[in-house]
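Subject: Structure handover

Hi there,

Here is the structure I promised to pass on. My notes on it follow below, so please read them with the model open.

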Amino acid sequence: MPLLGKLDWSAIPLDQPIPLIASAVVGAAITGTLLYAWAKGWWPYLWHEWITSVDHKRIGVMYVILAVVMLIRGFADALMMRSQQALAFHAPGYLPPEHYDQVFSAHGTIMIFFAAMPFVIGLMNFAVPLQLGVRDVAFPTLNSVGFWLTASGALLVNISLVIGEFARTGWLPYPPLSELKYSPGVGVDYYLWALQISGVGTLTAGINIVVTILKMRAPGMSYFRMPMFCWTSLGSCMLIVAAFPILTATLAMLILDRYLGFHFFTNDAGGNMMMFVNLIWAWGHPEVYILILPAFGIFSEVFATFSSKPLFGYRSMVAATFFIVIVSFLVWLHHFFTMGAGGDVNAFFGIATSVIAVGTGVKIYNWLFTMWGGRVRFDTPMLWALGFVFTFIVGGMTGVLLAVPPADFVLHNSMFLVAHFHNVIIGGVVFGAFAGYTYWFPKAFGFTLHEGWGKIGFWLTLIGFCVTFLAMYALGLDGMTRRLQHVDVDAWHPLILVSAAGTLISAAGAAAQIIQLVVSIRQRDRLRDETGDPWDGRSLEWATPSPPPAFNFAVLPNVEGEEAYWFIKQRAIETQRLGDEPDYEAIEMPRNSPTGFVCAFFASFMGFALIWHIWWMVALGFVGAYVTFVAFAWRDIVEYEIPAEEVARIDRARRASRLAWIAAHPEGRP
């Protein structure tokens, strides 16, 4: 048996310049970044304060950084697909079919698992403990492990760019195409092990947030005093806990098929490929709501804050959230109406799919009523929220259309379906992520993002989005199917060019957001958030300094109403004074730990070794990960103490800035 299993020089795509050039550029960027950090002497700081951190805020920020990097990578794949179709008119284009298949498979995989998921989990990690008025999540070190396992899965996907190949199956690897007979290379294996490793990380994050919300709220914060983002995060993470084991088991069965010759999903020896389709969508449709529910929570916070009034219909919003959570498990078969389940089954799932739209409709109306009669401010987070309402209503209506089985028979597997899916995922999840990123950025870093560049980025993104996907709707209605490497139908080419132009406009929007970040960092002194409450917020995260200290709250707040911080703030404005200074005590916080990073290091080697059948490396990686966990379990000192004097110093500075603001604004915000 070769020492390196199936790995040899043929794994490097020397005959394909595009992946070689792309990997060289990425490698040079990573190397340059590492060398720059070394030259600046930042490595000790990065190791002690970020890489080994178990602070929920820093882990949340790292999740978002990972998501943004992978969002750029996935968007690059989208640019390649749109440009390939624009150029491959009565011509082969510049992407050969086998490379194009990898590009669209990687695009979907990256955008769902390594861009959208880390983005919403990062925002939940950052904001939920602050909104609950607590000091950290329930299991801080497990939180670190979950993040680094997610990063490990993302690393494996990117390694496939230069060593081996990625799956050519689409973002869901349907058998028999994904079985060893039809995909004998390592592309499907990269997919399987990347998702198994990152899936463990996602499951730990879901468990952590569920336990935090259910067991660790501030004194007085009953369930119906929680901010709406906490409710939607709870619903999303309950879905993670229920649905991700289905994904893990399904992919494990496909691994057994490929590695040990089992027949779960082959027609040989009693297997059934339709079982895979049912199982993967039993996870896959709840996954849509795992992504969109946190975005709904972000929009609820944004609409209330920038309308300067409480969220309309709070309890109906909670009910709608958990209506969606339950019904999301009853709609999965609408993804394969055309596969012969029968009229009765199709009718049931079509009705369930239409009914689930009621929950979202309740939310849309409540957001509109929240704005009604309010003092609406059109800051960048509010623009993303308003853009969402417009785009998501269109996506929802096309979704209800696709829920009608006869219509789905016509539109299934067409560009109309692609447009619908992107309409709800980009218009919902991505717009929500950008709204949350802009909204909580000053809380994380102590200065706001530049409004001018933020608004330019929003409008370019919205216009590009509409141009791209309205053209796709028309193409789908005209009969164009998805995943075409080249197009020979003359009537489709003008709209393909329009869609490609829209993608370029969206790219300009992405560039504007990058410029916004650079300009904001350079002008951070001017954009400084002195009070910790730059938006006139209503929930407890705005009661802390920006950025919050490691312990979040010097004294855990006592919640007396549905909008805890708004009540405290209005009372301070009315009386022109803050509450009495508390008796400060020392605070114990969990120690930083390299456990997550080290486990992910070994998991990456294990995943790579499993892909290439390097069994000795698999054994070493397993032993290394196991020893790491044992060492963590036998730690003697798990916490450190922040002295009462330090707690008092930080909180007195916060109180002084609030008193100064109250004196300057005796009637509240203008």
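A definition to begin with: buried means under 20% relative accessible area, exposed means over 50%, and partly exposed is in between (1.4 Å probe, protein chains only). This is a predicted model, in which local features need pLDDT of at least 70 and side-chain atom pairs count only at pLDDT 80 or more, while totals for chains, interfaces and linings use all residues. Residues are numbered from 1 along each chain as its sequence is written, and side-chain values use heavy atoms, with hydrogens and water left out.

Ile30 counts as partly exposed because its relative accessibility is 47%. Ile30 is found in helix H1; helices here are DSSP runs (H or I, at least four residues), numbered from the N terminus. Together with Val26, Leu34, Leu35, Trp38 and Trp43, Ile30 makes a nonpolar surface patch of about 620 Å². Such patches are made of residues with over 30% relative accessible area and no salt bridge, with nonpolar side chains (Val, Leu, Ile, Met, Phe, Trp, Tyr) joined within 5 Å; areas come from the Shrake-Rupley method with a 1.4 Å probe. Helix H1 (residues 17–40) gives the largest share of the patch, five residues.

Now to the salt bridges (a side-chain nitrogen of Lys or Arg within 4 Å of a carboxyl oxygen of Asp or Glu). By this rule the count comes to 15. One of them joins Asp533 and Lys569, with the closest N and O atoms 2.8 Å apart. This pair links distant parts of the chain: Asp533 is in the loop between helix H15 (493–522) and helix H16 (564–575), and Lys569 is in helix H16, 36 residues apart. Asp533 is buried at 4% relative accessible area, and Lys569 is buried too, at 8%. Asp536 belongs to a salt-bridge network with Asp533 and Lys569.

Arg571 forms a salt bridge with Glu560, the closest N and O atoms being 3.9 Å apart. Arg571 lies in helix H16 and Glu560 in the loop between H15 and H16, so the pair ties together parts eleven residues apart in sequence.

Finally, have a look at helix H18 (residues 615–633). In H18, Met617, Val618, Gly621, Gly624, Ala625 and Thr628 are buried. They sit on the same side of H18, because they cover an arc of only 130° around the axis, taken from the directions from the helix axis to the C-beta atoms. On the other side, Leu620, Phe622, Tyr626 and Ala633 are exposed.

Best wishes

Technical notes: Helix = DSSP H or I, 4+ residues; strand = E, 2+ residues; numbered from the N terminus. Patch = residues over 30% accessible without salt bridge, like charges linked within 9 Å, V, L, I, M, F, W, Y side chains within 5 Å.
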